[in-house]
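The sequence and model come first.

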Amino acid sequence: MESTVMKSDTATAEAVDAPHRYTSALAADIERRWQQRWAEDGTFEAANPVGALAGSTPADGRPKRFIMDMFPYPSGTGLHVGHPLGYIATDVYARYSRASGHNVLYTLGFDAFGLPAEQYAVQTGTHPRITTEANIASIRTQLGRLGLSHDPRRSVETIDPAFYRWTQWIFLQIFNSWYDPDADAARPIDELVGRFERGEKDTPEGVGPWAELSAVERAEVLSGYRLAYADDAPVNWAPGLGTVLSNEEVTADGRSERGNFPVFRANLRQWKMRITSYAQRLLSDLDRLDWPEAIKIQQRNWIGRSEGARVEFPVEGPDGEAGEHTVTVFTTRQDTLFGATYMVLAPEHPLVDAIVPAQWPEHAASAWIGDAATPREAVDAYRRATQTKSDMERQAADAKEKTGVFTGAYAVNPADGRRVPVFIADYVLMGYGTGAIMAVPAHDSRDFAFARKYGLPMQVVVEPPAESGLGTDPADWEQAFDSYDATIVNSDDSSEGGVSLNGLTVTEAKRRMAEWLESTGRGAATVNYRLRDWLFSRQRYWGEPFPIVYDEDGVAHALPDSMLPVELPEIDDYSPRTFDPDDRDSVPETPLSRNEEWVEVTLDLGDGPKRYRRETNTMPNWAGSCWYELRYVDPDNEKALVDPENERYWMGPSDGTDARTGDPGGVDLYVGGSEHAVLHLLYARFWHKVLFDLGHISSDEPFRKLFNQGMIQGFVYRDERGFPVPAAEVEEIDDAYYYQGEKVSRELGKIGKSLKNVVPPELVYDEYGADTLRLYEMAMGPLEVSRPWDTRAVVGSFRFLQRLWRNIVDESTGAVTVVDEPADEVTLRVLHKAIDGVRRDFEGLRFNTAVAKAIEVNNHLTKAARPVPREVAEQLVQLVAPLAPHVAEELWTRLGHTTSLAYEGFPVADPALVADETVTCVVQVKGKVRDRLEVSPSISEDELRDLALASEGVQRALDGAGVRKVIVRAPKLVNIVPA
RNA sequence: GCCGGAAUGGUGGAAUCGGUAGACACGCGACCCUCAAAAGGUUGUGUCCGAAAGGGCGUGCGGGUUCGAGUCCCGCUUCCGGCACCA
């Protein structure tokens, strides 16, 4: 109701006495016309060096800029005013870049495969392709009204077979590669085969010579090297979703990020990407990226490099004979090896079965063995108990209580030969390090807790400093002493070949121990990463099919290029098979497997037609977003995912640098939310590096510069019960908020349906126009900061445009009122200062201050310089054009120009006019401002000092007191220190 | 618990190099236009004392460095994000 009243106000109220005022109706008209004209003229099409989009522009010597947003995922709910923030920012930057002489690649595609689209389709009972395409169309409409200067020819959709053909192609590149440690790069798998054939490389331990292996065995060996491979391993299985998930998609409390279902560990054969091979490069190359430090830190933490050592512990076999088996542990504290008083293996550790003896050792403490009659029984019972726990239960707060059981076996501490008991416990994770640890309870909080609970001995080897008051008997301690800043004690093996660490610092001891381990063959210094391989298959319909078929022996074969794309078959039953969310024994079923005639195929893969079964998993929805920036560059190329020349032009490292060591290349500006810090941004870097290694592209990183925009938040109003009430219907009376007469509370939250505070962009378009929305979103604060949406405040941006309009166009006649007379000097100084500042603000993505500077110029004209001189009006319009392009184009036209100002050039400040003719010198006494002087910028220190001392304010403040010291920073400041 | 980031008027924010705190905008007050309202215009607006001139105080809290600190250093508080049995 209220909005219709307001609408008429901004749209038509002035129809009688000001028919040519900038109203929402006029804005809508201008915006429609200019959007149409830009489209007809192809104003924002950017030329490539070669291929279908080639044009003369790249050769004309302009520098290029590749500007990108994280592309949207088309949900069914439509956009709200928070969504366009990043798009507006990149558009302003793109328009500024074009005006200031760049060839700009700027477009927007859609990421449309994946769970949410499929869930929406299942809910509505409509095929996901239909719903997804409808959603994309409606978002295109909503965004279209913003007037974003995209090159529409480059917009891609990940669900388009012409696009995912290349997603599949890249998968095959990865599948057909291995990581060659000598080259420190991915290489074609054929090179590895060649090395095996020529005997230059040995097959892995336990496998016979290459020449003697069967085809199946060879395939299995290669699978151990391929960068994309399928294997049986514990994965995250979410029965409620009916699919497995990557580690990145599981929250800290063991639930699916999507849908919040319990996630269980299940052993399933799944596709994975060997991203761990790239751990070090993904880590070190962060240093060469212009990214927010916070994101880099998150990636560093996720990769989780830690330096330590592998240490081998001989384990006594069931017959008590030492050395039959060896358990390797990873530790970052090899300096505390003498303090290792027991060992723990993960319950799933493969050596557990081999080391469990038939009987309990005689002296085994009852606390260690529970009431199990034999070690076998105890181990089996414990394994069952831990496996039936979901990850969530394992990690719930009260489950942090350590549990475990003695295996009955003993190992030998390699440092001093002491026998130490071997436990299994679920606080040791199979997926990290070697799945086994040496436990040093005195100096590790987890081992300390476990040892306390089971009465295991503690040995101090790092001496707490005297001032800590801890003493050297851990029995008195409340927690482990895990400092690095102390001295090693009790660590001396005087026997032949033994090592002594006593008296060393922790860092020295780590080095000494690593050397000793290496020299005696008991271990070695090593680097371990937290990063795990990326689980890449999903039991879903709505995703890219794998270009993989299996032969009768179950060997996976890559399909040849000629058979791509493997199109997703149109089927009726696309629903995933989901289960009771808590049914951990359920097994995933892929929708594609129900479609026998698609699955069973006869193909000729080079050795005659044969029967094959297609892979029925699909790719996760990260796949398309891993490389879409490359397709923007060359969207229509049918011969390659991107022509090397086009890629080099838009993304290659800057001249003369090696992408592996210097500038890594990549997109010049990538804007998006920080929620993708480790998922999309890590996966995309990984794929990009593989493609780089294989020589398909010249850039080593996809995104040279990354910028995280903040979130636009909304006020959430809650009633007494805490339920959100519709924000649009809340009234404010005397700083309190009421909904239907009831008092409600206000807080800040996300904008969304569930919080009932969605503001659709149409509301602002209709009320004020798209230019106002753009301007408001840019003006409301720094791009990287989250801030609350305030519908009431939008009018401020509208008023600015209205005043700008009024300074150029007569509201009653529509005549242009500018005069062809030179501007006065004050006005010129105001203008040129703004030009200088706005340029710098745009370059630095500080749009909020750029807006303020443009407003200042306009305010000056309003107050002091009407009628406005043409040169000032034109440059102000150009200044505003990136922010409010429609109204700027309109004014530009009315000022007599016939071409779009998109490429008109951006005003350049005259340095003489940027520098002030006089500056205000602040005169302080004891740091407090007591007077101001208007002085020349070139005034000498002495002259300024004299002027300041003589000034009225200073005399008053000094009140006869003497002067001890005078600090002069000509011409801006004088500070007088009284005696 | 660990790792980040933030805190400035009634509100969003500005101050880019240690040098005028509060640009710009919202809101609010006064006035003009109007039968009236809306829209628009002019103008004021950190806070306290004061008629004014002018002065006191002021950037989450407590210290410090400095002629001078929103900005640098040390110690806290609160809020927001991320990670979390990672050996």
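The buried residues of α5 are P128, R129, T131, T132, N135, I136, I139, Q142 and L143. Buried means under 20% relative accessible area and exposed over 50%, with partly exposed in between (1.4 Å probe, protein chains only). Seen down the axis of α5, these residues fall within an arc of 165 degrees, so they line one face of the helix. The arc is taken from the directions from the helix axis to the C-beta atoms. On the other side of α5, I130 and T141 are exposed.

This is a predicted model: local features need pLDDT of at least 70, side-chain atom pairs count only at pLDDT 80 or more, and totals for chains, interfaces and linings use all residues. Residues are numbered from 1 along each chain as its sequence is written.

The structure holds 54 aromatic pairs. Rings of Phe, Tyr and Trp (its six-membered ring) pair if their centres lie within 6.5 Å; planes under 30 degrees apart count as stacked, over 60 as edge-to-face and the rest as tilted. Two pairs are listed here.

| Pair | Centre distance | Plane angle | Class |
|---|---|---|---|
| F113 and Y164 | 5.6 Å | 50 degrees | tilted |
| F423 and F450 | 5.5 Å | 90 degrees | edge-to-face |

Both F113 and Y164 are buried. F423 is buried, with a relative accessible area of 0%. F450 is buried too, also at 0%. F423 lies in strand β12 (residues 419-424) and F450 in helix α15 (residues 445-454), 27 residues apart. Helices (H or I, at least four residues) and strands (E, at least two) are DSSP runs, numbered from the N terminus.

Key:
Chains lettered and ligands numbered in written order. Heavy atoms only, no water.
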